[in-house]
Amino acid sequence: MKSESNISLVDQKVKTFRWLFYLSLFQLIIFFVVPSLMVPLRILIHLEILAALTVGVLFALYFLGVNVYGLFVDKRRKKLYIGIILFLTAWIMWAFISWLYIEHMDYLLR
Amino acid sequence: MANNDRNKIKRNKPILIRYPFLRALYLFIVSWLIMLTVLLIIYFAWLREWQMTWGATSEEVNRYMAGDELLVEPEFNTTRVVEINAPPEEVWPWLVQMGYKRGGFYNFDHLDNAGIPSADRIIPEYQNLKVGDLILSLLQVARIEPKKSMLWVFLEGAGGWENATWSWGLYKTKDGNTRLVTRLRQKYTSNSIQEIIMWRFQEITEIFMMRICLLGIKKRVEENFNKE
C-alpha cells in the first residue's frame, strides 16, 4: 500500500513536470510563430534572428531551467532533456558571442 | 482501505494536487513571476545605469550636449560612447550620411532601412546635410556644427517620440582618436498603462540597436581609415 502511494506520488510529479515542459515549449514556439503572422516574409527571417538574440534568450533560459529540472524529476526521458539542454546552451552562447562581436556579424546586419 | 474512503481522501486533496495540469500552470506562472522579479531587480539595480551610459565616462554623461535644454528632466536620458581610432574629420562623413534610404543606420537594415544595406563607403551626395533635412520621416536635423556636433529632433506626429531629441558629438582625444557620443532623451507620455509598459519595454531593448549603430560606425571608419 505504501509503495503504491509512493509510485502514484512520483507519477503525479512526472505528470506535472511534463505539463510544465509542454507549456514552456508551447510559449517558445508561439514566440517565434506570432511574428510570422504579423510581418511580411521579406523581413521575417531578420526579425526572427533579432527575436532569437534578444527576448528569445529569456524564453530559452526559462526552458533551459525547466529541462534541467526535468533531468531530476523525469528520468525516463533524460536523453531528450540532455539534447534540448545542449541545443539551448548553444543558442544562448551564440547570442552572447553575437552581442560581444556584433559589429563583425555582417550576416546579422544585412 | 475501502474504495469509498480512498475516493473521499482523493476528493479532499487540494485542487492543485489533484490536477497535474493546473499544478503545472501554477508552477509556470509562479516561476515566471519570480524570474521577472529577479530580472527587474537586477535591471534597476545595475543594468539600467550600465545601458543608459554604455561606454561613457561620468564627465561625458554630465557634459552639455546640443538640445539638452529642450527637454526638462526626461525619464529616458541616455549617453552612449564609442572610441574610434581615427580623428573626428574621418568620422563626420559617416555621421552626416546616416538616414533612412540614405546611408542607413549601420544597423539591422531590414528593420530600419527598407532592406537597403547601410553604406560601407562615404557617399558624396549625402555630405551636404543641413538644418531642416530629414533623417527619417518625422526626424529632422535641428542643429549642425560640422565635424563637432549635430542635433536631430522628432517632429509632430511621431507619437510618443514627439518629446525626444537625439544628439551627436565628436570629441578628439589626446591620442588623436575620436570619442563619438550620442545622447537620446525622451520625455515619456503616460496616457495609458499600455504606453507606460511600451516605454519600459522600449527602454530595455533600445540599447541593442544603438550599440550596433555605434559599433557599425566604428567598424566602417576604422576599416576605411586604415585603408588610406
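Biologist: What percentage of the 228 residues in chain B is made up of buried residues?

Modeller: This is a predicted model, in which local features need pLDDT of at least 70 and side-chain atom pairs count only at pLDDT 80 or more, while totals for chains, interfaces and linings use all residues. Residues are numbered from 1 along each chain as its sequence is written, and chains are lettered from A and ligands numbered from 1 in the order in which they are written. A residue is buried if 20 or more other C-beta atoms, placed from the backbone, lie within 10 Å of its own, exposed if 12 or fewer, and partly exposed in between. In chain B, the buried share of the 228 residues is 25%.

Biologist: What is the radius of gyration of chain B?

Modeller: The radius is taken over C-alpha atoms, and the globule rule is 2.2 Å times the number of residues to the power 0.38. The C-alpha atoms of chain B fill a box of roughly 90 × 40 × 35 Å along the principal axes. A compact globule of 228 residues would have a radius near 17 Å, whereas chain B has 25 Å.

Biologist: How many helices and strands are there in chain B?

Modeller: Helices (H or I, at least four residues) and strands (E, at least two) are DSSP runs, numbered from the N terminus. Along the sequence, their pattern in chain B is α-α-α-α-β-α-α-β-β-β-β-β-α. The count is seven helices and six strands.

Biologist: Against which elements of chain B do the buried residues of helix 5 pack?

Modeller: Helix 5 covers residues 88-96, and its buried residues include B:Trp92 and B:Trp94. Contact means that the C-beta atoms of two residues, placed from the backbone, lie within 7 Å. The packing partners are strand 1 (76-84), strand 5 (164-172), strand 6 (178-186) and helix 7 (193-227).

Biologist: How many residues of chain A are in contact with chain B?

Modeller: Chain B brings 23 residues to these contacts, and chain A brings 16.  The elements giving two or more residues to chain B's side are helix 3 (20-52), helix 6 (109-112) and helix 7. The number asked for, on the side of chain A, is 16.
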